[in-house]
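Here is a protein chain to walk through, sheet by sheet and charge by charge. Have a look at it first, then read on.

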Amino acid sequence: MFGNIKWFFSLSLGSLFLAFVIASVDNTDPYKVLGVQKYASFQDIRRAYKHLAKIWHPDKSEHPEASKEFVKIKQAYELISDPDRRRMYDQHGIRNEDAHYFSSRSDFYRSKTSSDQFENFFGKQFNMDNDISFYHRISITTKNYEKHIVPKSETTPYMVIFYNDWCFLCIRLINSFKKLINALEPLGINFATVNAAYEPALLKKSGVSSIPSLVLVLDGHCYIYRGNIYTLAKIKEFIRKKMPYATTQRINDDNVDAFLGGWIDNRVRALIFEPRNQTRLQYLISAYAYRYRVAFGTVQLNTSKSERIQNMYEVNSSLDTLLIFNEDSSRPHATVSSANIPSKTLNDVIFSNQYLLLPRLSSQQVMEGVCPVEWSQPRKRLCVILITENNDSHNNARIAFRNIALQTEYSRERVRFAYIFKEKQKDFINSITRGSKDGQLSEIVIIWRRDHTHIRYEWIKGLHLSWDISLYASNQDFINVTQKHLDNTIQRLLKTSESFAYETYVNNLFDEHAQTLISIWLSKLRYTSEYFMDNLEKEHILAALSLLGTIIFMFAVGYAMVYFVRIEEENLKEKGQLGGNKGFLVKQNRNNPELKLHELRAEKYNGMVRLLKPGCRTIILVTDLKTRTKLIPEFHKAVWPYRKSKTLLFGHMLIEKGLLWYSELLRLSLCESKTLSINPRNCVGTVLALNGHRKYFCMYHAKHPESIRNGKSLVKMTKQLQRNTTDPEIGTFVEINSDDSDCEPKILLEENLLDGLSNWLDRLFEGTTQRYNINYWPDFPTK
């Protein structure tokens, strides 16, 4: 007992010391630095930062301490402008950007101490790797997961381990997880850990229900490993099953020609030859990483279905071989052979050859790879672009331009050739129209990208090219002349002293390969089905089938009962026992539904206001005990034409019961902090249209300025009423005192309060009435 107390006090003193060290790094209050209150909003903080930055910026201030003061202001702004860091500072005074660093270190110290006690109690025969710091070294937060792992998972698989410092099974599995990381990281799989105690939101989002858990993140989707055995073979098989089904394609002698000739989709072709039936995992991971730029096909060696391919490209039957093809399928553009091709070598070769000889600029990503930004002034990196249309009539032009690109002597690091579809990239084409002959686009343009939005360009002139280039593309003389003009222009523009004729700003290219709405829904449907297949067990399926069977049985019984009742009615009609007048009255009642007015009370408040479905509204008449008998019939008459609408609910409210609610409603719409003084008598005859879902209301009253003209906010209306001191009923909404007693009163009779309601209802459903938004619906008084 004494040992535990001693351990507890030592841990507390250590924690306090660490907290003191962290807090002593900079003890300046960021709120005082910026001159704002602790409850200041983000807009106030940003406004204060901008004001102080203008004063203390080193380029604008001559004060000797301006640089230090500006750094202090910037650090304070970065601290309290981040909601997570601001919360940790307000609650614990922690300034470190990694908010759970202190907690993780404390838990690590605590876990080490507890493990020492465990060893002292049970002995050292429990020889296991219980170094909990293994999890801490690669631990991430929810913010890091959303900002880094989810975007990167589009090309790189991630394995996320959910753990807890006090999980005994997590400690037992440390050695197994280390072996997994050592074996799978060289294949291209990244690992991270998440402390479930500090990241409950991420735990819930990933669907993890137990600790420890292993989650595979692919393209932003989470796949939970449901096995109890964490062996390398099991995990590899799990990853292999979750890889997208279209990552690779099985190739044989029958479909190899169609596969290699399908480069029209703007992707390089890659063939992986293996003397085994199952593709290695590292090949699948590389194919997943480059699936948008390279189409992968796998060929099984030593089978009768692939003899022609093997003999055609002289592939060694005992080695793994990678062949990369561009537009020319007769011979590979790059070749790698080995007993087991390493992932790094595989990725390097694919990365260096991921674009066709004449690629199409089909997205901004392709633009960045083919025509990257060049910042260095002496070194220019040119991109020669052929502008064509997406039809067969321009195929000859693209073939001729591809031959020119093949015969060029320039390095691909200095000059790249590409083509673009005119109708697909209209914004880009419209931005480079200057310099084209007669206002029409020429065929070939040379660009130099200075930055991501700024390019310099020049058209190839002297050829009198037009869109009829396809008619001359097969002429070798025409091709030679074109190549000569291109060489002269490229040599001139590569010189440092030469400049381009035009420059402009361009936006990002349109992504021609972006998923359509149908493909997005299909991928979501596929992921949902896989999720249910992974999470549903046998008893869950049986329960779901039982529930579905019960629902079907209930519908069948109900249909049978309706059927028999209908038959019985027909029999009674034939016997004359069921009168026709009764049926006529029932039909008439169905055609003319009854209009019901509900009284707004505390027990009905949620159903009539707060829990209204989207698109529904409640129209309430405000009365008192004296005038309800006069106003309700008039209100009933005005709303009678809208009785068939299923989105409207009608009611009335006694101002004696709902005065506090009505006052709070007006206060919220006026954004006032003080309580309003309401004259209940002057509120009689008010009609409120409440939209419970979107939290706004519209108002009608005979004295409301909106009943006369539109377009005034509630604040302006209130000021106008306050200035109009000649009317004794000026306190329709806010009770004020009028000192002008000499003016002749303008009397409004109770019978005339709802005279303009019908016109106001028309404008309400036209959407031209003023809407008053509120943050929340106030509570309705229970007494």
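Let's begin with a term: a salt bridge is a side-chain nitrogen of Lys or Arg within 4 Å of a carboxyl oxygen of Asp or Glu. This is a predicted model, so local features need pLDDT of at least 70 and side-chain atom pairs count only at pLDDT 80 or more, while totals for chains, interfaces and linings use all residues. Residues are numbered from 1 along each chain as its sequence is written, and side-chain values use heavy atoms, with hydrogens and water left out.

K205 and E146 form a salt bridge, with 2.3 Å between the closest N and O atoms. K205 belongs to helix 11 (residues 200-206) and E146 to helix 8 (residues 142-152), so this pair ties together parts that are 59 residues apart in sequence. Helices here are DSSP runs of H or I with at least four residues, strands are DSSP runs of E with at least two, and both are numbered from the N terminus. How open are the two partners? K205 counts as exposed at 55% relative accessibility, and E146 as partly exposed at 34%. Buried means under 20% relative accessible area, exposed means over 50%, and partly exposed is in between (1.4 Å probe, protein chains only).

Other pairs tell their own stories. D44 and R47 meet through their side chains in a salt bridge, at 2.9 Å from N to O. Both sit in helix 3 (residues 42-56), and because they are three residues apart there, about one helical turn separates them. D44 is partly exposed at 32%, while R47 is exposed at 53%. Then there is R601 with E599, a salt bridge at 3.3 Å, N to O. Here R601 is partly exposed at 25%, but E599 is buried at 15%. How many salt bridges does a search of the whole structure find? The count is 26.

Time for the sheets. Strands of a sheet pair through backbone hydrogen bonds, either parallel or antiparallel. For the counting here, two strands pair if DSSP finds at least two bridges between them. Strand 1 (residues 158-163) pairs with strand 2 in the parallel sense over six bridges. Along that pairing, Y158 stands opposite N190 and I161 opposite T193. Why is strand 2 (residues 190-195) largely enclosed by the rest of the structure? Because five of its six residues are buried.

Contact means heavy atoms within 4.5 Å. Axes are lines fitted to C-alpha atoms, for helices over the stretch in contact, and angles run from 0 to 180 degrees between N-to-C directions.

A further open sheet has five strands in the order 5-7-6-8-9, again with mixed pairing. Strand 5 (248-250) and strand 9 (334-338) are the edges, each pairing on one side only. The twist averages 20° from one strand to the next. Strand 5 and strand 7 (residues 294-300) run parallel over three bridges, and T248 stands opposite F296 in strand 7. Helix 16 (residues 343-352) lies across strand 7, strand 8 (320-325) and strand 9, running at about 15° to strand 8.
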